[in-house]
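Trainee: Can we go through this model together? I'll ask, you answer.

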Amino acid sequence: MSHRVIVPIGPYHPLQEEPEFFKLYVEGEKVVDIDIVIGYMHRGIEKLSESKHFDQVSFLVERICGICSNSHPFAYVNAVEDLARISVPERALFIRTIIAELERLHSHLLWLGLAGHFIGYNTVWMWSWKYREPVLDILELITGNRQHYAMMTVGGVRRDIRKEDIPEIKKMTHDLIPVLNMFKGAVMDDPVIHARTRKVGILTKEEAIDYCVVGPTARASGIPIDIRKDDPYGAYDRIDWKIITQEEGDIFAKLVVRVLEMYESIRIIEQCLDKMPEGPIDADVKEIPQGEGIGHIEAPRGECFHYVRSDGTNSPIRHKIRAPSYMNVASNKVAAVGGTISDAAITLAAVDPCYCCTERTAVIDKDSDKKIMNGWDLVRLSQEKTVRLKKGLSK
Amino acid sequence: MPISDTIKNEFSKEILEIKEHSNVRTYISLEPKDIPKAARFVFKDLDCRFVTASGIDTPDCIEILYHFSHDASGEMITLKAKLKDKKNPHIESLAPLMKGAEWIEREIWEMLGVQFDNHPNLKRLLLDEELPEDFHPLRKEKKEL
């Protein structure tokens with residue numbers, strides 16, 4: 001008789017960075033269904049935004065996420081500039097692009113480290129986070145902050161990139177290439193990483209379209225979408241770079257996409273630094289007219305979408321925000337189901353299952369849905385086993 | 001031919017209003033009953049990607065905006081529906097058409113109280129389940145707790 005067991009991961013779990021709740025339905029080792037519960041981080045930012053001045057909103061939306069804290073303000077200013085038909089000075093577009101790509105670099109390095117950690121490859125974790133530091137140092141050099149850069153403003157950017165800083169930025173990107181080569185070698189050749197990530201957590205192209213996933217998740221399933229190319233913003237249409245795609249849709253493909261994308265980010269940053277024209281960095285916008293606007297950008301995790309409606313006053317009357325993970329997390333419903341529970345950790349990518357929490361486990365009869373064994377029964381079983389072992393030892 | 005023109009030709013009778021904000025931003029107003037048909041055409045036949053939906057509480061109606069992105073051309077198509085009955089707003093769910101619409105419809109349901117007919121799993125997404133059923137925080141005349 002097969003027993004269906006619920007293994008809860010979250011909402012608060014030592015290995016999760018953020019509260020989220022995955023309820024894994026397991027038969028033996030196999031994950032047969034998954035229930036995703038979110039909302040633990042809901043702070044009502046869309047509503048808050050309606051009480052802020054247009055200029056203040058970019059600082060508010062920066063607080064949505066600590067890792068891609070440039071993506072939300074970038075999408076928001078694009079939406080307001082679309083609404084008010086503002087043309088942004090060239091130099092500001094290049095600076096925005098540089099910040100966005102520096103952010104992609106550090107975000108992908110952070111993910112790579114976590115992915116290594118989740119499959120028990122802690123060397124990758126430590127290396128990756130070590131080499132992420134110089135990227136953050138450069139962001140601090142340019143913006144004054146490692147995170148929450150406060151660079152975006154409607155009509156331009158708030159800080160210029162100083163001439164004397166450019167050699168230091170170039171040195172960082174130059175030094176990062178051998179590091180990426182090392183990671184590429186470690187990922188592509190390591191048999192352990194192959195065994196843990198190949199043909200695991202597959203999201204097929206059809207499923208990816210059905211769940212409307214975005215970013216590296218979509219590109220790893222063979223969908224060549226990238227907002228930077230499709231609907232260019234910033235300075236992405238003025239430089240030479242390419243979209244990275246893979247066909248397999250498994251964890252390995254997602255890994256490859258992210259590693260190779262970092263090379264493209266370096267290419268983009270270097271070209272921007274060379275081609276950046278002189279001039280003003282802000283269009284000096286005075287007021288926002290009535291209307292509606294859409295801004296969407298390619299954040300490290302995929303398309304970040306903002307819709308802003310204005311009635312001609314100081315604040316938006318509606319501000320809709322959709323982060324990329326909103327689409328991507330839901331696709332775990334197909335990616336994790338059918339795999340084994342040991343693969344769930346890396347498939348869900350941000351979580352690690354905890355088998356020891358016996359008081360949170362219940363054995364359920366699959367057909368009748370009735371509990372046949374609860375946490376206390378498991379404790380009793382374990383105590384009986386200890387007694388048996390003790391008896392065996394004393395013989 | 002731009003995607004917006006293809007939709008214009010296909011739904012010339014149904015379209016109430018069309019607003020071309022720029023080359024890549026088009027807003028198309030339709031009757032709520034025509035939304036599933038138009039969304040199917042945009043999603044299946046034109047290979048657009050469903051981005052998200054926005055629900056807006058305005059003084060005389062609740063507007064639902066379905067944002068689609070045609071990634072091959074970079075065009076963003078927004079289908080608009082106005083739900084006049086603010087006391088009991090309802091519209092056909094798009095979740096049977098694409099799974100990507102499931103969460104956002106749950107969110108609009110809890111935030112604005114819009115009923116999505118034939119949604120497979122209409123329950124709270126972000127808010128606490130303990131909150132009263134008729135508490136919709138994005139309604140302008142929202143009930144205080």
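Trainee: Is E8(A) largely enclosed or open?
Mentor: Strand E8(A) is largely enclosed by the rest of the structure, because 6 of its 7 residues are buried. A residue is buried if 20 or more other C-beta atoms lie within 10 Å of its own, exposed if 12 or fewer, and partly exposed in between, with C-beta atoms placed from the backbone. Helices (H or I, at least four residues) and strands (E, at least two) are DSSP runs, numbered from the N terminus.

Trainee: Before we go on, what kind of model is it, and how are things labelled?
Mentor: This is a predicted model, in which local features need pLDDT of at least 70 and side-chain atom pairs count only at pLDDT 80 or more, while totals for chains, interfaces and linings use all residues. Residues are numbered from 1 along each chain as its sequence is written, and chains are lettered from A and ligands numbered from 1 in the order in which they are written.

Trainee: Back to the strand. In what sense do E7(A) and E8(A) pair?
Mentor: E7(A) and E8(A) pair in the antiparallel sense, over 6 bridges; pairing requires that DSSP finds at least two bridges between two strands. In this pairing A:His306 stands opposite A:Ile321 of E8(A).

Trainee: Which elements of chain A touch chain B?
Mentor: The contact takes 22 residues from chain A and 22 residues from chain B, where two residues are in contact if their C-beta atoms, placed from the backbone, lie within 7 Å. On the chain A side, strand E7 (302-311), strand E8 (316-322) and helix H12 (324-328) each supply at least two residues. By class, that side has 10 nonpolar, 3 polar and 9 charged residues. Ala, Val, Leu, Ile, Met, Phe, Trp, Tyr, Cys and Pro count as nonpolar, Asp, Glu, Lys and Arg as charged, and the others, Gly among them, as polar.

Trainee: How is chain A divided?
Mentor: Into domain 1 (3-39 + 331-394) and domain 2 (45-322), with bounds from an automatic or database domain assignment. In chain A, 12 residues of domain 1 are in contact with 15 residues of domain 2. Helix H13 (332-335) and helix H14 (341-348) of chain A are the elements giving two or more residues to the domain 1 side. H14(A) has the largest share of that side, 4 residues.

Trainee: What sits in the loop between H13 and H14 of chain A?
Mentor: A:Gly338 is found there. A:Gly338 counts as partly exposed because it has 13 C-beta neighbours inside 10 Å. Its C-alpha atom is separated by 42 Å from that of A:Ala235, 103 residues apart along the chain.

Trainee: Different topic. Which residues have the most contacts inside the largest nonpolar core?
Mentor: A:Val80, B:Ile64 and B:Ile77, in a core of 138 residues. Such a core is a set of buried Ala, Val, Leu, Ile, Met, Phe, Trp, Tyr and Cys residues joined through C-beta atoms within 7 Å. The largest share, 14 residues, comes from helix H4 (residues 90-118) of chain A. Domain 1 and domain 2 of chain A both give residues to this core, so it lies between them.

Trainee: What is B:Ile64 in contact with?
Mentor: Leaving aside neighbours within four places in sequence, the contacts of B:Ile64 include B:Ala53, B:Ala81, B:Leu83 and B:Ile108.

Trainee: How many helices and strands does chain B have?
Mentor: Chain B has 3 helices and 7 strands, running α-β-β-α-β-β-β-β-α-β from the N terminus. Its radius of gyration is 16 Å, close to the 15 Å that the globule rule gives for 145 residues, so chain B is as compact as a globular protein of that length. The radius is taken over C-alpha atoms, and the rule is 2.2 Å times the number of residues to the power 0.38. Of the 145 residues of chain B, 43% count as buried.

Trainee: Where is B:Asp47, and what is its phi?
Mentor: B:Asp47 lies in the loop between helix H2 (35-45) and strand E3 (49-57) of chain B. Its phi is positive, about 55°, although B:Asp47 is not a glycine. Most residues other than glycine have a negative phi.
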